[in-house]
Amino acid sequence: MSAILKNPEANVVAALVARARAAQAQFERSPQERLDAAALACGWAIMKPENNRALAELAVRDTGLGNVADKIRKNHRKTLGLLRDLRGVRTTGVIAEYPERGVTEIARAVGVVAGITPSTNPGATPANQIINALKCGNAIILAPSPKGYSTAVLLLQFIHGEFTKIQANPDLVQVLPAPVTKEATHELMRQADLVAATGSQANIRAAYSSGKPAIGVGQGNVVSIVDESADLADAAAKIALSKTFDNATSCSSENALIVLAPVYDAMLRELEKQGGEMLDAAGKAKLERVMFPGGKLSADTTAQSAERIGELAGIPTRARFLMVQESGAGRAHPFSGEKLAPVLAVYRARDFEEAFDLTRRIYDYQGKGHSVSIHTKDDARVMRLGLEMPVARVIVNQAHCIATGGSFDNGLPFSLSMGCGTWGGNSFSDNMHWRHFLNITRIARVIPEKVPGEEDIFGAYHSRYGR
């Protein structure tokens with residue numbers, strides 16, 4: 001008996017992949033206009049106002065994470081921004097020619113993509129992956145988190161409805177059947193040509209060990225530094241927006257705030273004006289017990305409102321977000337880690353040197369590679385973070401979770417998946433975008449030979465160090 005017949009999960013996945021391959025083999029030969037139409041069809045499937053609301057309401061109902069209003073904004077903004085980034089981009093046929101080098105570059109599809117998506121963003125993340133995959137001539141099969149499954153299914157219904165309009169094959173976008181098991185997800189990774197993984201670190205590790213090329217993302221745990229040159233009111237408003245957006249479902253939401261001592265008290269006052277509440281030692285202890293039972297982050301507080309978290313902890317509050325004073329980093333200081341909740345650990349630093357060192361220690365615990373935030377007018381400090389901090393992004397004077405995944409007022413690609421480089425155990429350090437869903441074939445033609453002399457190459461070296 002074949003291995004597939006012995007493994008029912010593999011048999012089911014193989015049938016889906018076979019359909020995807022047949023559809024993709026036809027689709028990848030389409031002209032650019034056809035690829036663009038498919039991407040736009042998926043974009044409208046989630047952005048159409050009645051669809052967007054239905055997806056947001058279902059996501060909150062079935063996952064229990066975030067809030068409807070912000071999910072509507074996220075679905076709309078992230079998709080619109082992605083489509084803006086993709087407009088006019090060639091992803092099939094000849095995409096570049098370099099006559100002086102005799103090189104022609106041709107875009108080629110990767111094939112069938114396995115899209116691993118989280119419960120925190122069960123509509124926006126799969127839509128982003130689907131649009132990027134289709135723009136590049138691929139098919140995609142989703143393996144959503146169990147809680148996000150219903151949202152993914154509804155999204156595919158909307159996409160297939162748009163496909164009917166443009167006469168596209170629905171087998172280009174599929175989803176694993178319910179219930180989505182770990183075994184089925186791993187089997188999909190093994191049978192696909194490329195794995196695009198966002199979500200739990202367990203899934204990311206599985207993607208990288210699947211035996212197939214993978215673009216998996218790292219863990220967030222964003223630190224934001226506020227120095228004495230910052231516009232404190234502006235910084236507080238942006239931090240509060242980012243910390244509370246969709247109840248902090250984003251891996252890019254600030255988790256720790258390091259404020260330089262000269263402006264510490266003033267910054268706390270600004271944060272309180274934005275709806276923050278600093279807990280006393282007793283309140284912090286209660287919060288720690290409910291958020292980190294046994295030292296591990298509880299799912300009960302993930303992406304809940306501050307009021308709900310306060311209720312669970314026995315701390316009545318009407319705050320937009322909660323704050324706790326912290327001084328250390330590591331397992332003995334659980335608030336120094338990622339919280340995925342509107343809870344902010346606040347540190348006081350004597351000066352920028354101490355703030356820099358503390359940020360490094362926090363990232364040594366969690367979040368290395370992802371990103372760091374700074375509110376400042378001192379560009380030398382910005383550059384030092386970029387040159388020395390182990391992060392792929394330095395976000396300057398912005399609401400971090402709005403900015404790091406691309407924004408209309410910065411130049412980063414719109415994405416919900418942040419590569420964290422080797423620091424975060426990832427194969428890439430970009431925002432996941434269309435280029436990651438392409439192969440490039442290069443034609444090399446003969447050009448006039450250019451052979452340098454030894455003196456051209458070694459002259460300066462020999463002059464300085466000898467032969």
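Lys48 and Glu50 form a salt bridge in which the closest N and O atoms are 3.8 Å apart; a salt bridge here is a side-chain nitrogen of Lys or Arg within 4 Å of a carboxyl oxygen of Asp or Glu. The model is predicted, so local features need pLDDT of at least 70 and side-chain atom pairs count only at pLDDT 80 or more, while totals for chains, interfaces and linings use all residues. Residues are numbered from 1 along each chain as its sequence is written, and side-chain values use heavy atoms, with hydrogens and water left out.

Lys48 is partly exposed at 24%, and Glu50 is partly exposed at 49%. The structure as a whole holds 27 salt bridges.

Another of these bridges brings together Lys135 and Asp36, with the closest N and O atoms 2.7 Å apart. This pair links distant parts of the chain, since Lys135 belongs to helix H6 (residues 124–135) and Asp36 to helix H3 (residues 32–47), 99 residues apart. Helices (H or I, at least four residues) and strands (E, at least two) are DSSP runs, numbered from the N terminus. Lys135 is buried, with a relative accessible area of 2%, whereas Asp36 is partly exposed at 23%.

Asp234 and Lys238 meet through their side chains at 2.9 Å, N to O, and both lie in helix H10 (residues 232–244), four residues apart, about one turn of the helix. Asp234 is partly exposed at 30% relative accessible area, and Lys238 is partly exposed at 24%.

On a 1 Å grid over the protein atoms alone, a pocket is an open set of points with protein on both sides within 12 Å along at least five of seven lines, a cavity is a set of points where a 1.4 Å probe fits but cannot get out, and lining residues have an atom within 4 Å of a point. The second largest pocket has a volume of about 170 Å³, a volume being the space filled by probe spheres set on the points, with grid points joined across faces, edges and corners. Two or more lining residues come from each of H3 and H5, and H5 gives the most, with four residues. By class, this lining has six nonpolar, one polar and four charged residues; Ala, Val, Leu, Ile, Met, Phe, Trp, Tyr, Cys and Pro count as nonpolar, Asp, Glu, Lys and Arg as charged, and the others, Gly among them, as polar.

A search of the whole structure also finds one cavity of 30 Å³ or more. The largest cavity has a volume of about 60 Å³, and its lining includes Leu55, Lys71, Asn121 and Thr151. Helix H4 (49–63) and helix H5 (68–86) each supply at least two residues of this lining, which divides into five nonpolar, four polar and two charged residues.

Attention now turns to the sheets. Strands of a sheet pair through backbone hydrogen bonds, either parallel or antiparallel. Two strands are counted as paired if DSSP finds at least two bridges between them. Five strands form an open parallel sheet in the order E5-E4-E3-E6-E7. Strand E5 (173–175) and strand E7 (214–216) stand at the edges with a single partner strand each, so one side of each is left without a neighbour in the sheet. Neighbouring strands of this sheet are turned by 20 degrees against each other on average, direction ignored; axes are lines fitted to C-alpha atoms, for helices over the stretch in contact, and angles run from 0 to 180 degrees between N-to-C directions. Strand E6 (residues 194–197) runs parallel to E7 and is joined to it by three bridges, with Ala196 opposite Ile215 in E7.

An open antiparallel sheet is built from three strands in the order E1-E2-E15. Strand E2 (residues 103–109) pairs with E15 over seven bridges, and Ala109 stands opposite Leu438 in E15.

Key:
Buried means under 20% relative accessible area, exposed over 50%, partly exposed in between (1.4 Å probe, protein chains only).
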